[in-house]
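This briefing goes through helix packing, nonpolar cores and a few individual residues. Please keep the sequence and the structure open while reading.

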Amino acid sequence: AEEAWSNLTVLDRAQVIATWRQITLAGLTVQQVWDTHQELVPIAKPVPLEEAIKLLIESKRSANKRAPYLKNLRGMLNQFAQGREAVSVATIRTADIEAWLAEHATTPGYRHTWINRLSTLFSFAKRQEWIRQNPCDRVERVVIERKRPQILTAEQAKTCATLIRDELPVALGWLSLALFCGLRPEEAEQLQWSEIDLEKGIVKVDAAASRVRWRRLVYCTPGA
């Protein structure tokens, strides 16, 4: 910084000091002024919101993101883009997002999820140099209170298992894996019968089925 300052002419230094004083009197910082300037400078290549979403999904798919995540991401972003598909992603402002959230994200949990999904889109757009600032960075975040997990009583588990056995027996295997083996519901859905060894009481959860992408062995309880 000292070298850069010393290389300035006397006139340049005077202009820097005068401009800095005006910025300070206005209650701003140099960085804020520069950020505002960057937002006002037109983007060389406007990218429609619809195209930006499509390219984001393709990028996430190439990064080996799971299909359920991609489906959820696409669905939420398409909902946000409805009616403005052809609008340039660079024209979306923080105020636009705040107004949309106020109408559609009616609970703290929904608002938290929506901000994350929209921020994913605009972070991608920023990396592609379609925008200069992520408008979600200035959106007020929410604090989510994590409640205690609900644990079924023995009587509730019995009622659930009995109902599934009588009304939907095809789902009894899935219920047993989730209820008595501790598998996540999504993991149990993706298992094949070949991965379940009833004689040894072992369930092989492949990395592709695991939410954390780790292969592991699960030992069945007698109830399972």
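At roughly what angle do the axes of α4 and α5 cross? They cross at roughly 170° and come within 10 Å of each other. The model is predicted, and the points below are grouped by topic.

**Packing of α4 with α5**

- An angle over 145° counts as roughly antiparallel, and α4 and α5 are therefore roughly antiparallel to each other.
- On the α4 side, the contact is made by L49, I53, L56, I57, K60 and R61.
- On the α5 side, the contact residues are Y69, L70, L73, R74, L77, N78, F80 and A81.
- By class, this contact of α4 with α5 holds 10 nonpolar, 1 polar and 3 charged residues.

**Packing of α5 with α7**

- Helix α5 spans residues 67-81 and helix α7 spans residues 108-127; their axes come within 10 Å and cross at roughly 90°.
- The contact of α5 with α7 consists of 9 nonpolar, 4 polar and 1 charged residues.

**Nonpolar cores**

- The largest nonpolar core has 29 residues, and the members that touch the most others are F80, V89, I97, L101, L118 and F122.
- At least two residues of this core come from each of α4 (49-62), α5, α6 (94-104) and α7.
- The helix that gives the most to this core is α7, with 7 residues.
- L118 touches L77, F80, I97, L101 and C136, when residues up to four places away in sequence are not counted.
- There is also a second, separate core of 9 residues, with L183, I196, V205 and V218 among them.

**R111, a buried arginine**

- Where does R111 lie? R111 is in helix α7.
- The relative accessible area of R111 is 15%, so this residue counts as buried.
- A polar atom of the R111 side chain lies 3.1 Å from the backbone oxygen of E140.
- With neighbours within four places in sequence left aside, R111 is in contact with E98, L101, A105, V139, E140 and V142.
- R111 and V142, one of these pairs in contact, are 31 residues apart in sequence, while their C-alpha atoms are 7.3 Å apart in space.

**Positive phi in loops**

- Most residues other than glycine have a negative phi.
- N64 has a positive phi, near 70°, and is not a glycine.
- N64 sits in the loop between α4 and α5.
- Is N64 buried or exposed? N64 is exposed, because its relative accessible area is 53% and the cut-off for exposed is over 50%.
- E129 also has a positive phi, of about 65°, although it is not a glycine.
- The loop that holds E129 runs between α7 and α8 (154-167).
- With a relative accessible area of 67%, E129 is exposed.

Conventions: Residues numbered from 1 in each chain as written. Predicted model: local features only at pLDDT ≥ 70, side-chain atom pairs only at ≥ 80, totals over all residues. Heavy atoms only, no water. Axes fitted to C-alpha atoms, helices over the stretch in contact; angles between N-to-C directions. Helix = DSSP H or I, 4+ residues; strand = E, 2+ residues; numbered from the N terminus. Nonpolar A, V, L, I, M, F, W, Y, C, P; charged D, E, K, R; others polar. Core = buried A, V, L, I, M, F, W, Y, C linked by side-chain atoms within 4.5 Å. Buried < 20%, exposed > 50% of the residue type's maximum accessible area, 1.4 Å probe, protein only. Contact = heavy atoms within 4.5 Å. Polar contact = N/O pair within 3.5 Å; in protein donor to acceptor, adjacent residues only side chain to side chain. Parallel < 35°, antiparallel > 145°, perpendicular 65-115°, else oblique.
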